[in-house]
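Please look over the sequence and the model before reading on, and keep both at hand while you work through the points. The briefing moves from the whole chain to single residues.

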Amino acid sequence: MTAFWLYAALLLLAALAFILVPQLRAPRARADADRAGLNVGLYRERVRELEMQHGAGALTAAQLEAARIEAARELLDAAHGSPGRAADAPLGRAVPLAMAVLAPLLGLALYLHWGSLDRVMLARQYAGHPAQGIEEMTARLEASLAAAPDSAEGWFFLGRTYMAQDRMADAARAFERAAALAGRPPELLGHWAQALYFAGDQQWTPQLQALTDEALAGDPQEAASLGLAGMAAFQAERYAEAAAYWERLAAALPEADPSRAAIADGIARARELDQARKATAPPAP
């Protein structure tokens with residue numbers, strides 16, 4: 001927790017530096033030089049106009065000289081500064097300074113409302129422990145979820161960990177909690193149904209049917225649900241239906257997925273049994 005807020009403070013200081021340093025440095029000399037150059041340019045342009053008017057006969061020599069003197073006086077007055085310039089400076093600095101104060105406060109308020117500090121802490125909990133045993137990982141996950149029980153990702157990982165230990169009933173409860181927190185996405189429904197299926201000695205139930213139907217309605221290519229539905233159909237000797245589910249599953253998997261070979265074998269076996277059944281079936285009356 002302390003490290004998280006320390007990093008957040010460092011990022012905030014870096015962001016504030018981009019706003020405040022240019023204001024604190026106050027490049028007044030450069031601004032004065034730019035203003036002086038502009039005034040000199042305007043003075044020269046004015047003198048050229050006066051000389052053109054004199055050449056055209058619109059001004060006498062005396063009028064030209066008087067106009068030059070007046071233009072030079074205006075240049076000197078501008079060089080000493082104008083009242084409007086002093087009035088503009090505070091406003092030019094007030095807005096960036098106000099933003100420097102309000103921006104971190106607004107960012108903190110938005111993070112506390114929509115942020116995911118519990119996910120950050122969960123990720124830190126497992127960072128740097130790649131070699132830990134499955135039991136230790138399970139214990140750490142359980143401890144993390146005791147502190148942050150509303151983390152759908154945490155419950156999902158805990159369910160996967162339980163499945164790796166063949167604790168299917170515990171995995172089903174973890175996936176159920178994750179699905180409830182995440183709004184019942186198809187992927188979590190599929191994992192939940194899969195854990196329930198193995199926890200119940202691979203017996204198909206109305207609950208499993210409802211879960212797979214819901215998952216496939218939300219995502220027709222949801223892998224766990226397609227595989228599970230195919231297994232249930234195969235065990236019920238609905239071989240054509242099983243092959244159809246597994247073909248949909250194979251189409252949804254990446255080409256390099258290592259499970260594609262096993263799925264292809266299952267499809268071939270289901271098609272073979274379906275053809276054998278049709279060949280031995282008595283003719284329709």
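The points that follow are grouped by topic.

This is a predicted model, in which local features need pLDDT of at least 70 and side-chain atom pairs count only at pLDDT 80 or more, while totals for chains, interfaces and linings use all residues. Residues are numbered from 1 along each chain as its sequence is written, and side-chain values use heavy atoms, with hydrogens and water left out.

**Overall make-up**

- The secondary structure of the protein comes to 13 helices and 0 strands, where helices (H or I, at least four residues) and strands (E, at least two) are DSSP runs numbered from the N terminus.
- Of the 285 residues of the protein, 26% count as buried; here buried means under 20% relative accessible area, exposed means over 50%, and partly exposed lies in between, with a 1.4 Å probe and protein chains only.
- The accessible surface of the protein comes to about 18200 Å², and 62% of this area belongs to carbon and sulfur atoms; the areas come from the Shrake-Rupley method with a 1.4 Å probe, and for residues only the protein chains shown count as cover.
- Among contacts between residues at least 6 apart in sequence, 49% join residues at least 24 apart, a contact being a pair of heavy atoms within 4.5 Å.

**The annotated repeat and helix H7**

- Helix H7 (residues 152–164) has 13 residues and should span 18 Å at 1.5 Å a residue, which agrees with the 19 Å between its end C-alpha atoms; the expected span is 1.5 Å times one less than the number of residues.
- The buried residues of H7 include Trp155, Phe156, Leu158, Tyr162 and Met163.

**Nonpolar cores**

- The largest nonpolar core has 24 residues, and those with the most contacts inside it are Phe175 and Trp192; such a core is a set of buried Ala, Val, Leu, Ile, Met, Phe, Trp, Tyr and Cys residues joined through side-chain atoms within 4.5 Å.
- The elements that give two or more residues to this core are helix H6 (134–147), H7, H8, helix H9 (186–199) and helix H10 (206–218), and the largest share, 7 residues, comes from H8.
- Apart from this core lies another one of 16 residues, among them Leu216, Tyr239, Tyr245 and Leu253.
- When residues up to four places away in sequence are not counted, Trp192 touches Ala172, Phe175, Glu176, Ala179, Arg184, Gln207 and Leu211.

**Salt bridges**

- The model has 9 salt bridges, each being a side-chain nitrogen of Lys or Arg within 4 Å of a carboxyl oxygen of Asp or Glu.
- Arg173 forms a salt bridge with Asp170, with the closest N and O atoms 2.3 Å apart; both residues lie in helix H8 (residues 168–182), 3 residues apart, which is about one turn of the helix.
- Asp170 is partly exposed, with a relative accessible area of 22%.
- Arg238 and Glu241 meet through their side chains in a salt bridge of 2.7 Å, N to O, and Arg238 is partly exposed at 38%, as is Glu241 at 33%.
- Arg269 and Glu272 form a salt bridge at 3.6 Å, N to O, and both lie in helix H13 (residues 260–280), 3 residues apart.
- Salt bridges that share partners join Arg167, Asp170 and Arg173 into one network.

- Most residues other than glycine have a negative phi.
- Arg184, in the loop between H8 and H9, has a positive phi of about 55 degrees although it is not a glycine, and Arg184 is partly exposed at 37% relative accessible area.
- Asp201, in the loop between H9 and H10, also has a positive phi of about 55 degrees without being a glycine, and Asp201 is exposed at 62%.
- Trp204 is placed in the loop between H9 and H10 and is partly exposed, with a relative accessible area of 30%.
- The C-alpha atoms of Trp204 and Gln235 are separated by 9.3 Å, although the two residues are 31 residues apart along the chain.
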